[in-house]
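The following note concerns the aromatic side chains of the structure shown below. Please read the points alongside the sequence.

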Amino acid sequence: MDEANVENINADPNAPTQINPSKKSQFILLATIIAILVLSGILAWLSYLKKHSYDPNGWQYKIPTPSITPSSTTISPTNGPILTPITSITPTPSIAKTVNVTSFAATLSYDDTLTEVDPFLNVTDDYSDVHFYQAGTVTAGNFGENDLSGATYYVIVTHTEQQLAPYAPLNRMYEIFKTKDGKSLLFMPYAFGSVFNTKDDSYNVFSFYLDGQGDYQSNIIYPDGEPVMEFVDTENGYYGITQSDNGNNFYLTSRFATGEHLDDINATQVDTIGGIPVYLDEDMVSFYMPNQFGLLTKIDYEVSILKDHPETSSYYILDVTWNSDVVNSDPYRYHEPFTCATGETLIDNVTPEQLKVAGTTSDGDNIYQLIDSANDEYTNKLYNEDYIAGSTYTYNYYTDDDETPYTFEEFLTHHPVMYWKDPFGRYIKFFNENFILIGGCAKPAIYLYPRTKTDVDVNVIPNGELTFSYPPIKDGWHVVATPSGDLYDRTTNEHYDYLWWSSFASSLHVPNGGVSIAKDDIHKYLDDVLSRMSLNDKEINNFNEYWVPKLQSLDSDYVYINFLFNNEVNQIGKLNISPTPDNVIRVFMLYKAAERSYNNEREFPKNVRDGFTAVEWGGGMTE
């Protein structure tokens, strides 16, 4: 305070206090900063509520308006209606859901608000971003001797940065019930120690699987409380197709919610299913629907131009009559073929100027091929790496190439790569399956060792689609099996050492674990690990003969290897064997390129081989 102000105050104690200009400026600045902080806090809280709370006027999760670039606001299909983004949906409220799981049934009432709470479990360092939400209450139910009435229902979203554990639940949602005593926890559908650990010993932790193959948290469960999309056990696998309000067919591609909200992705609404929005991402590859919590679940579009193969459900025929007036009878596929789980739809950014019409579908749609197919990188890869190097010509449906493969010019006459413009304006790429065998959940080989010479029937029920079988499976394999493992086809009397199949799985959930080892050590490691799993010398040699060259051909110094065991392999495909074996040993390897050494090997099951024993090994590369 300066001298003039001191004199002024002393002269008249009742006079108003005078604040000097410098102090006044400081006061205004401080007040402004406080106001900005308060306003920022309010805006941040409103943003949080927008993302993490339910609409108080209805039970549906608030769907924030997606970030949409002007070019993607409207999608103009070549046939069907123009699909424009819709930003408001008002479903009928649903307040309860009955959950049925193995040894467990309960009525779950959802809370009006999805409330984030402090984590009450330890989470391993592999997970960098984990959110716990209180989501509801069990109004009635039990699990074994545990009364779940009053249990609190939580959803947990996990994100991971652990690159060497590629099968960890990336962006997936877990569900946990905590009983009213606050101690007993029920995990669904999976509980792995490498993901969650209790903070102390007061918790009793249970783990259980849902009935069938579908996990209900991924099902889209509104507006009337019943799923509008859910996994269904079908003859050809564990997925069900649902028709949209605009007549497009979609199906679930993951059993898990992604853990993402709509404002986490750049997407456009392109359709609805039962009034529920369907979104397409900015790359025009992935479709999503929000589940009952507003967490996105990935779905996929079922193309309309494939029809069933007349001989086997393993393949689908492209519905096209070529310009030569020849009706196509070859099998085609439109998903990325080089991974075990079903890959992304093959979307190509080709332009109309690069294409020519090669034929038409029964509905009058054009089927295209590249004008310059001979110089197309994908087409050349299909020929050189799969058809030739992969020896596909030996096993495909063509017979005139069994001894001598087609030349590249002959190969091109069989329409190896084709294109179709779908209702969303995307050019989908199809490849002729007669020219590809590599990829997918590859070469599960089945060995049978009955006690005496026995007629055995074997069938595979894939989670997804069979892509190959040898001998052709048709309605199943019907063989005479001997104690030595020799198999004779009862129809053709041909001899086989094992039965062979391949598939694309709809989704895979594999526990954390596995090893990352140098390429030079692969053969030795597989010898050891397969022996510990009770495979015999013949099976180990067959496994290594097929897989070691593939693993060593990866463009990396190390290879990450993990295994599914026995019942875990059911998520790829179930085996039906009659008569029922005394022991079934199933081993499935998953692998990918890695950058460094890593060892978190899982504990292997103790298998036995007494009595009628069936053994199956297989593997596949995953992204």
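1. Rings of Phe, Tyr and Trp (its six-membered ring) are paired if their centres lie within 6.5 Å; planes under 30 degrees apart are stacked, those over 60 are edge-to-face and the rest are tilted. One aromatic cluster is formed by Tyr 383, Tyr 387, Tyr 398, Tyr 406, Phe 408, Phe 411 and Phe 435.

2. The model is predicted, with local features requiring pLDDT of at least 70 and side-chain atom pairs pLDDT 80 or more, while totals for chains, interfaces and linings use all residues. Residues are numbered from 1 along each chain as its sequence is written, and side-chain values use heavy atoms, leaving out hydrogens and water.

3. Across the whole structure, 32 aromatic pairs are found. Tyr 470 and Tyr 496 form an edge-to-face pair, because their ring centres are 6.0 Å apart and their planes stand at 90 degrees. Tyr 470 belongs to strand E30 (residues 464-470) and Tyr 496 to strand E33 (residues 495-496), so the pair ties together parts 26 residues apart in sequence. Strands (E, at least two residues) are DSSP runs, numbered from the N terminus.

4. Tyr 496 is buried at 14% relative accessible area, whereas Tyr 470, at 33%, is partly exposed. Buried means under 20%, exposed over 50%, and partly exposed in between (1.4 Å probe, protein chains only).

5. Phe 565 and Phe 604 are also edge-to-face, since their ring centres are 5.5 Å apart and their planes at 85 degrees. Phe 565 lies in strand E36 (residues 558-565) and Phe 604 in the loop between strand E39 (598-600) and strand E40 (613-621), 39 residues apart. Both Phe 565 and Phe 604 are buried.

Technical notes: Helix = DSSP H or I, 4+ residues; strand = E, 2+ residues; numbered from the N terminus.
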